[in-house]
Amino acid sequence: MFKINITPNIGDTDALRHINPNIIPVWFETGRTELYNIFNPTHELTYKKWNLLLVHMDFNFIKLLYFGYDVEIRTYLIKIGKSSITIQQEVWQNGSLRVTGKSIMLCYDYIKQENKFISENIRNQLKKHLITLEEIEENNKIEMKNNKNRKKYDFIE
């Protein structure tokens, strides 16, 4: 699992100080940085070097997010295919799971415009981070049950 903390900006909010749902893909993109490092350690953004293509993304909004509280983005690798990876991500705030999302990325050759197999070297690095959805859900249940810092109301008056 990869974790990052983000402090929401005022521009991430709507008129009621809720976090605008449009910012979630941006935060999830930031949360995938460590996976990008495995595929592209130099971060060279050229057609010759970059080898990932986002082909699917979905979100489940569980509970509102609010301005004034940091969020934690958790990124899990849940599947490694021949040429794709499946990523589960979560947004946590004040000890509660707020948003989940899943994305699929292809290992892609931009010059040839086709999928390519994930190399054995990259595959071995990815395997170190592999986890099942069942493990994630079980860990989350335990964490939320034991989290004494969770607030019933977390908007600021």
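Is Asn-94 buried or exposed? Select Asn-94: its relative accessibility is 17%, so it counts as buried (buried is under 20% relative accessible area, exposed over 50%, partly exposed in between, with a 1.4 Å probe and protein chains only).

This is a predicted model, in which local features need pLDDT of at least 70, side-chain atom pairs count only at pLDDT 80 or more, and totals for chains, interfaces and linings use all residues. Residues are numbered from 1 along each chain as its sequence is written, and side-chain values use heavy atoms, without hydrogens and water.

Stay on Asn-94, in the loop between strand E4 (84-93) and strand E5 (96-109). Helices (H or I, at least four residues) and strands (E, at least two) are DSSP runs, numbered from the N terminus. The phi of Asn-94 is positive, near 50°. Most residues other than glycine have a negative phi.

Next, select His-43, in the loop between helix H2 (33-39) and strand E2 (52-61). His-43 also has a positive phi, about 55°, and at 36% relative accessibility it counts as partly exposed.

Now go to Phe-39, Ile-85, Ile-118 and Leu-126, the residues with the most contacts inside the largest nonpolar core, which has 18 residues. Such a core is a set of buried Ala, Val, Leu, Ile, Met, Phe, Trp, Tyr and Cys residues joined through side-chain atoms within 4.5 Å. H2 gives the most to this core, with four residues.

From Leu-126, show its contacts (heavy atoms within 4.5 Å): leaving out residues up to four places away in sequence, Leu-126 touches residues including Leu-35, Ile-38, Leu-77 and Ile-80.

Finish at Ile-19, Ile-23, Val-71 and Val-91, which are among the 11 residues of a second, separate core.
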